Every structure is written in structure tokens, then in C-alpha cells.
Amino acid sequence: MDIALAKKRIEGFQDTPGALLPMLHALQEEFGYVDEAAVPLLAEALNLSRAEVHGVISFYHDFRHHAPGRHVLKICRAEACQSMGCNRLIEHVEKKLSVKMGETTADGNFTLEPVYCLGNCALSPALLLDGQPYGKVTAGVADALIENAQRQSGRQA
Amino acid sequence: MKIYVPCDSSAVSVGADAVARAISQHAITKQRPDVTVSRNGSRGMFWLEPLVEVETPKGRVAYGPVTPDAVPALLEAGMLDGKAHPLCQGLTEEIPFLKQQERLTFARCGITDPLSLADYIGNGGFRGLERARSMTSDAVIEEVVTSGLRGRGGAGFPTGIKWRTVAKAQADQKYIVCNADEGDSGTYADRMIMEGDPFVLIEGMIIAGRAVGATLGYIYCRSEYPHAFRTLQRAIEIGREDNYLGSAAGFDLHVRLGAGAYICGEETSLLESLEGKRGQIRPKPPLPAIEGLFGKPTVVNNVISLASVPIILDKGGAHYRDFGMGRSRGTLTIQLAGNIKQGGLVEKAFGLTLRQAIYDFGGGTASGRPLRAVQVGGPLGAYFPESLLDTPLDYEAFAEKKGMLGHGGIVVFDDTVDLAQQARFAMEFCAVESCGKCTPCRVGSTRGVEVIDRIIANRDREKNLQVLDDLCELMLDGSLCALGGLTPYPVMSAVKHFPEDFHARN
């Protein structure tokens, strides 16, 4: 983590009331996760103890402790998606990527995360790939999305 | 020639962006400068998304579902001139799903460009605010009390009474907080309003601010809704540019992003989170209306509650109250979800039965298999069997059947569902999302998963069913908030209505 850059992002919210969540989102947006090294910076900026900052980071599911893969795939596993077979879809994707929910592939290409409802419950099952929503996702659609993303990162590399 | 392609994230999830691009490209290559593509909100008929509408002299003509692959053939068939095609649904307003609704809160959603103030004002926007400005703050509150509006987030507390409490409180600063942490599975009405008609929410919050004497508002939007968050950010900027918001207007507004904690939909947790803390619930009293955000008197209302305020002020509280039944007044935004043929948003006066919603509007299951269970009200709502489908959608009628209307989401399951697994999931979800403040919820949910696992594995089944019953009673009576307190609803309703999934398996 670039400490100077982290400090700059934190300073941007110095005058915001209740600033810790906006600061954490800014750090995660910048670095993809919230580095342990950011804890003392946040504590100092907000006059909190490091324990308090740690407590907040660990409370929320969103904040990652490690850098994610190049692509983040969030699959909904709430009830509406369950009624349309999301558990089978998740099994299929886990097998295809050889990871379990919450893990990153060995090549660093994908992080697979569960999400509880994307508000796309009339077009279940639903997922979010790098922030882009997809609905009525079949195993075939998921395969195509994954392969397309793999090709993209192949080109970048 | 105006063509409408929704920018709603659900429509985008099935290709609306690609469809809009293809139509724009076609207009360029075929030299049709008369064709403009406008991005509207969603009409809420999601099985037809992407729903493309074409403006004609007779009204808007709908085509759907228009997948990106279907675009070339549709253009060839003359879609841009409203010509016939198997995907043509006729005039949008005449589609029975839409025609049979009573759209008050969603009057504009899907018709306008969500970020066009001209569209908003041209379709009745800010009339409620204008009327509120001509009234005393007490009269505004009385109008909301008269309407009978009850909190649409799920608790059903009378909105006007809450406002009255905050108005009476003395403080140097008061806040309006919009709970946009719509975490219940099967619900998307808040998202649709935020993405499809954000100014109606902003107008509702400005009116609330005037009524109770608050000068600052926050919208707490869940992070799972990145599109809604961006739309709100932009709408607030536009509101400031046109002096509806900002210090000169006497009311300013900020949108904040949640961080993936379901519990932050509970109002005191949400306030903690807004203050930058762990989203742990606060014991009540004190009520947020007396000591809320940063210890100041705070109105905390759901998106749909606040978005219903402008029409109540515009048409009068009595007009709104005349819809509905019993103590549930006005309209309910029903969200049909899960295994349903025609999933979508139905705004209708309270009193429609579950069966009418699922069959008359929803057309039954998507899979075509028999319906077996329905979960109403999100992950804390009860599972109802077929025999309870004649229950009217009304707060009291649902409570009588040991269910909960919640935020109006209806998730349909066909006969492949295993209710023991659903009960297990309810406990698992509670364990994942518990804030940890009280023991019945924090520990009870984990023990609940273990007990259900034993029941499923047929280990001392009858004894463990009794343990589960005791545990649920304890969670119901002993939890501090609705998460631990209502998780027993899906669990016990599953055991009660679907005993065959618990007793007779193996």
C-alpha cells in the first residue's frame, strides 16, 4: 500500500461527520482492500484507538483484508435466487474456477464472493461481475462471462 | 421519434445497455436523425426486460424482452416506427399487468428520464413540496397523519406520528435519515425508485425536513446497489444546481454507502454505521426520534415511505387514505420475485390476496411446476403453504397468520424446494449477519443451524424438534431487535406448514 496515497484519500474526508466508512470505501476503491497498515493512519485521523478502527473494519463484510483477484465475481445466494437454483450455479462456478466462496483463484484472476441480494430478484439467479449486474444467469452464461473476463486479463498481461 | 430503453440495473443485467447502443448505432448508419434514444427507469415488468418503448401518436408501444440478439430483426421489422413483431406487446399502458395497478408512489417511474428535472416537473414533480411550502409545518404533519401512511420498511409504524415526535423535540440540529439498506431478498422497490425516480425521494425528504425542522438529511444506501448510489449522487448534485438543495434552500442532503451488513437495515444499527461505528444495534429507548443520529432527534424512514410523501401532500392525505383496507391505508408496492413467470413490481391498494398477486399478476411459477411455498417479507418472513394463499396483503391479516408483510417482497418456490434446508438457511443467515450485541441472536442462530442439521440427519429427531421449538421461542422473546426476534418466523413456519420435510425424510 502506498502510504502517501492512502493518507491523501483519508484526508479527503477529514471534515466529514462520521467519516470512517467513507474513508474505508475510498481506501478499498484505491487499493482493492483495506491494508493493515492503514489502521494507524485512520486511527490518527479520527482520534480513535486502533482497536476501534479494527473493530469497524472487521464488522463489515465488504472490507477485504487482502488484495482481490483481477476480477471480482459476486453471486447472490439469498432466497429469491435459491428458488431459481443459485446453489447449483454456485457449485458449477466453484468447480469451474477451482475455488470456494470467499477465495481467489491461484492465478489471481478471480475472487469469488457471496452476496445476499442484489435487488434483481425478478430475474434470478443474479450476479455482479466487476460491478456489472447480470440476471437470469445459467451455467452457460456464467461460463461465457468468466471466459470473456479471462480473455480480457490475458490481453492486459 | 423517441425510443426508451431503461437504465434500471435489472434491465441492464439482461442487456439493456447493449440494446440502447445497437439502436443508436442503427439510427446513425440508416441516417435516421429523427430517432433519439432516451434512458428511462423501469416500468417494473421485469420478465419483459429489456423493455423497449417507441413513442407513437397513439402512445408508447412496448417491445419485450428485447435481448441484444433480437435487435437486428426488430429493427428490420420496423420497430422504430411501432410496427408489428412477435415481441410487440402493444401499447405499454394497456398491458394488463400495468393497467390493473394503482400507481401513486411509482406514478412516474419508467416514464421519465430519472435525472431530468424537466421530466420530473413536467410529470407532477415538486407539486407536493409547493403545497407544503404554503402550509405550516404542523399542517404538513397532520396531512401525513391523515393519510394513514405506515413505515414501508416493514415495521409499519405510522409515519406522521414519528414526524410529530421529532417536530416536538427541542434541539439545535435535527436530521432526516432515509433507510435505503433494502437487504431483504425478494425486494427491489427502493432500488427502482432510487434508480428510476430519485427526485421523488429527494422531494419527500425536503418535505420531511420542513415538517420537523431538520436541515440535513442522509440517505444510507447499501453497497450492493452501486447503480442506485451513483444515480442518487448525481440527482443530489442536480438538486443543488437548481437550488432545491443546499444551504440557501434550507435543506441539504448526502448519500452514504453501507458496507454489506444486513443488520444496518435496522434503524439504530444504521445510525451507528452512519456515525462511522460498527453497526451494532442500540437498545430502545431512547427512540431515534428523541436521540438519533449523533444524539440528535432524527426521522428514520424507508425509501418508499418518503417517496410516498410528495403525492400525499399533492393530492391530500384523504386521497391516499381512501386506498387500502382496515388499518393498512394507501398502496403497497408488492414485489414478485423468485420462481415466478411474470416477476415485477405491482403497486396496488392493500387488500389484494397473495393468490391474486401470484397468479393474476405473476402468472404462477416460472418453472411451470406446482407452487409449494411462498416467503413474504424477506429472510425474516414466514413460509406460507398453498392453503394460506387467500390471506390478504395487509399488516394485520399477515400478523394473524404468524407472518409478516415486511417490505412487500414475495418469493415463490416450486415443489422442488426443501423447507428443512430453507429453515437451516434462515438460521445460517442470522448467524452470518448477527451484530453480536445480544446472546439469543448471536449464539442462538449458530445453535439453530446445529439443531436443524441434527434433525436433517435424523439424530434424535423428535427431541431436537422440541429443542428447536424452545430455541425459537427464546430468540423471539429475548432478542433485542427484529433479526434475532424474527428469524424464528421462517424456521417455525417451515416446521409447522411443511412437517413432511422435517419428520418423514430419509
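**Close-up 1. B:Glu143, a buried glutamate in a predicted model.** With a relative accessible area of 14%, B:Glu143 counts as buried (under 20% relative accessible area; over 50% is exposed, in between is partly exposed; 1.4 Å probe, protein chains only). Helix α7 of chain B, residues 137-147, is where B:Glu143 sits (helices are DSSP runs of H or I, at least four residues, strands are E runs of at least two, and both are numbered from the N terminus). Its side chain reaches the backbone nitrogen of B:Gly317 at 2.9 Å. Leaving out residues up to four places away in sequence, B:Glu143 touches B:Arg131, B:Met135, B:Ile312, B:Leu313, B:Gly316 and B:Gly317 (contact: heavy atoms within 4.5 Å).

**Close-up 2. Where chain A meets chain B.** Chain A brings 37 residues to the contact and chain B brings 59. Together the two chains bury about 3,600 Å², 58% of it on carbon and sulfur atoms (the accessible area, 1.4 Å probe, that two parts lose on being put together, summed over both). A:Phe59, A:Glu79 and A:Tyr116 supply 19% of what chain A buries against chain B, more than any other three residues.

**Close-up 3. Polar links across the interface of chain A and chain B.**

**Close-up 4. Cysteines without a disulfide.** The structure holds zero disulfides over all chains (a pair of cysteine sulfur atoms within 2.5 Å). B:Cys109 is buried at 2% relative accessible area, and its closest cysteine sulfur, in B:Cys7, is 9.3 Å away, too far for a bond. B:Cys438 is buried too, at 12%; the closest cysteine sulfur, in B:Cys441, is 5.2 Å off, so that pair is also too far apart for a bond.

**Notes.** Residues are numbered from 1 along each chain as its sequence is written, with chains lettered from A and ligands numbered from 1 in the order written. Local features need pLDDT of at least 70 and side-chain atom pairs pLDDT 80 or more, while totals for chains, interfaces and linings use all residues; side-chain values use heavy atoms, without hydrogens or water.

Note on methods
A polar contact is a pair of N or O atoms within 3.5 Å; within protein, one must be able to donate a hydrogen and the other to accept it, and residues adjacent in sequence count only if both atoms are side-chain atoms.
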